[in-house]
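This report covers aromatic ring pairs and strand pairing. The sequence and structure are shown first.

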Amino acid sequence: MLKGFHHVAIICSDYPRSKTFYTDVLGFSIIDENYREARDSYKCDLALPDGSQIELFSFPGAPQRPSRPEAQGLRHLAFKVDNLDEMINHLTNKRVECEPVRTDEYTGKRFTFFQDPDGLPLELYEI
């Protein structure tokens with residue numbers, strides 16, 4: 001049976017910019033990074049301390065992802081945080097804009113949304 005998520009794959013439009021965002025801004029560490037000449041593409045495996053991983057890809061000519069209005073398919077990627085205010089301050093200091101904080105009406109937990117460099121919706125969820 002399923003044990004959890006291993007990774008989430010993201011295709012970016014500007015590989016150096018997105019790599020910097022996920023490592024320097026969000027704090028992912030690089031597990032492995034490869035340039036695939038046959039595809040003119042990078043694949044970078046990124047991880048958080050709990051083992052959660054992102055595969056960051058670059059593919060020339062990849063179409064933009066529709067996100068507003070919300071499209072069918074994966075809606076957003078949510079990260080759990082211990083202190084929402086602290087993380088919002090960190091992102092603000094890195095010039096990443098967060099939406100106003102909301103409270104989940106069912107759990108009472110606080111959350112906010114922000115975007116990666118390509119407009120991918122990301123969420124911070126206080127645990």
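F21 is buried at 6% relative accessible area, and Y22 is buried at 0%. Buried stands for under 20% relative accessible area, exposed for over 50% and partly exposed for values in between, with a 1.4 Å probe and protein chains only. F21 and Y22 form an edge-to-face aromatic pair, 5.1 Å centre to centre with 90° between the planes. Rings of Phe, Tyr and Trp (its six-membered ring) pair if their centres lie within 6.5 Å; planes under 30 degrees apart are stacked, over 60 edge-to-face and the rest tilted.

Ring pairs also join F21 and Y22 with F28, F79 and F114 in a cluster.

## Basis of the values

The model is predicted: local features need pLDDT of at least 70, side-chain atom pairs need pLDDT 80 or more, and totals for chains, interfaces and linings use all residues. Residues are numbered from 1 along each chain as its sequence is written, and side-chain values use heavy atoms, leaving out hydrogens and water.

The structure has nine aromatic pairs. One of them is Y15 with Y42, stacked at 4.4 Å centre to centre and 5° between the planes. This pair links distant parts of the chain, 27 residues apart: Y15 lies in helix α1 (residues 15-25) and Y42 in strand β3 (residues 41-47). Helices (H or I, at least four residues) and strands (E, at least two) are DSSP runs, numbered from the N terminus. Y15 is buried at 8% relative accessible area, whereas Y42 is partly exposed at 31%.

## Strand β5

In strand β5 (residues 77-81), L77, F79 and V81 make up the covered face, and A78 and K80 the uncovered one. Strand β5 runs parallel to strand β8 (residues 121-126), joined by five bridges; strands pair if DSSP finds at least two bridges between them. V81 has E126 as its bridge partner in β8.
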